[in-house]
Amino acid sequence: MTPATHRLPSAGFSITVRVSVIADASAIGRLTTSVGESGGIVTAVDVVDSDSNNVVVDLTCDTADSAHAEQVVADLEKLDGVDVRKVSDRTFLLHLGGKIEVAPKVALRNRDELSRAYTPGVARVCLAIAENPEDARRLTIKRNTVAVVTDGSAVLGLGNIGPYAAMPVMEGKAALFKRFGGVDAWPVVLDTQDTEQIISIVKAIAPAYGGINLEDIAAPRCFEIEERLREQLDIPVFHDDQHGTAICVLAALTNALRVVGKPIGKVRVVVSGAGAAGTAIIKLLLRQGVGDVIATDRPGALHRGMTGLSGSWQWLVEHTNRDNYAGDLRGAVRGADVFIGVSAPNLLTGDDIATMAPDSIVFALANPDPEVDPREAREHAAIVATGRSDQPNQINNVLAFPGVFRGMLDAQAREFTDAMALAAARAIADSVGEDKLNPTVIVPSVFDARVAPAVAAAVRAAAKGPQLDSTPDGISVAGPEADGQE
């Protein structure tokens, strides 16, 4: 039998194996034992057929990756009396033909309805909007529609895989908008990675949308694209990789600190990854009054004295790392209260987490493999969170962006603001409830129906209330500086 994999199985690599096995009392047990010894996790066993000698079983299991899935199947084939008939990759099956569609909101059953929905009646609505363009928000899909815009340059943890390969992610994003926020969203996948072209295209299509959700655009271009579009458009521009992630991290940290009894103004936070997400997280934490932050990336800790920096890294050097620590990530986490990883897998070990302060908090958010194995981290940290759905405390942007856009669209907001970000984070954190908080529950479930409405209400209130000005040192979470480094 092949040794168990060291990677964590997940539903993203779920397979269903149809096997015929000799019908005896131990048949099913031998199948499930084989999967377990191969490092997989059985999630369902369904008997689909049988005769006097054999039983046909659909064995559904989570694996760690494609190679691991093949190994699980190979180990099943080695069992006596087992015939593997078919293997289905459940993720690919779900994506066949795409995941979203357009459906009309009005019936078109006869000439009367057609005459009002289309010509000649539609001309009256067109003329009304021509006379008063603001009526487009009331009389067209603009009031509830968001463009999910990407150039495919930084897709998930896969890197620059291009516009075609980015489509499944953008479809999924659109589906989540609808499922959790009631927002109609559509992928706008651009076959260009030129900053000026992207800005020009998005500006040109903006009349049809009530908001722009930038997605999976690499740093540092994402900073400039967002900043300039915010200046030029009269609808909110929101880069989810930055602000959605930052909102969810602040919400989770708020509750984690409640559990361990530490005030945010007293903690030292180490952030691994000073790209788009890391920069936005740091800015939101500073806005919330965190004690100190050390930003780290490939060169180590960003500190005063580093040369050749530009944009966001220069800003981080000037606004973080109070004691000017100049070492590597492992040294930075020593004595730290909080570790937040938005970078790469397997950068730390359990021994590194052991050097952190008592009651430490670890958010290892790299996907699919975190910066530190969560099983090792839990041996030393009080609270551990990841971005994975199969682990406790999943920090997932779906907690934020559907409600944020629902609130902005309802308020007919013209921009995304710092006040909205902080309000959304508070709403997510408070959705858990003081009586429910514990080390394994610091964020609500992504399927908690209360979350998106609570976030939307908080964002609507923030849109109508006094807006936060930038603090004297120039912290602004809604518009990071351009020309940063990754």
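**View 1. Helix H10 passes helix H17 in a right-handed crossing.** In this predicted model, H10 spans residues 240-260 and H17 spans residues 418-430. The two helices pack at an angle of about 45°, and their axes lie 8 Å apart. That angle makes H10 oblique to H17. On the H10 side, the contact is made by Ile247, Leu250, Ala251, Thr254, Asn255 and Arg258. H17 contributes Ala421, Leu422, Ala424, Ala425, Ile428, Ala429 and Asp430. Sorted by class, the residues of this contact are nine nonpolar, two polar and two charged. In general, two packed helices are described by the angle between their axes and the distance between the axes.

**View 2. Six strands form an open sheet with mixed pairing.** The strand order is E11-E10-E9-E12-E13-E14. Strand E11 (300-301) and strand E14 (383-386) stand at the edges. Each of these two has a single partner strand, so one side of each is left without a neighbour in the sheet. Strand E13 (residues 361-364) runs parallel to E14, and four bridges join them. Within this pair, Ala364 has Thr386 of E14 as its bridge partner. Helix H10 packs on the sheet, where it touches strand E12 (338-341), E13 and E14. The direction of H10 makes about 155° with that of E13.

**View 3. Helix H12 has buried residues that other elements cover.** H12 is formed by residues 311-319. Its buried residues are Ser312, Trp313, Trp315, Leu316 and Val317. Among the elements covering them are helix H9 (221-232), helix H11 (276-288) and strand E10 (292-297). Asn321 follows H12 and has a positive phi, near 60°.

**View 4. Four strands form an open sheet with parallel pairing.** The order here is E6-E5-E7-E8. Strand E6 (184-189) and strand E8 (237-239) are the edge strands, and each pairs on one side only. From one strand to the next, the twist averages 25°. Six bridges pair strand E5 (residues 145-150) with E6 in the parallel sense. Across this pair, Ala147 stands opposite Trp186 in E6.

Methods:
Residues numbered from 1 in each chain as written. Predicted model: local features only at pLDDT ≥ 70, side-chain atom pairs only at ≥ 80, totals over all residues. Heavy atoms only, no water. Axes fitted to C-alpha atoms, helices over the stretch in contact; angles between N-to-C directions. Parallel < 35°, antiparallel > 145°, perpendicular 65-115°, else oblique. Left-handed = near helix turned anticlockwise from the far one by under 90°. Contact = heavy atoms within 4.5 Å. Nonpolar A, V, L, I, M, F, W, Y, C, P; charged D, E, K, R; others polar. Pairing = 2+ DSSP bridges. Buried < 20%, exposed > 50% of the residue type's maximum accessible area, 1.4 Å probe, protein only.
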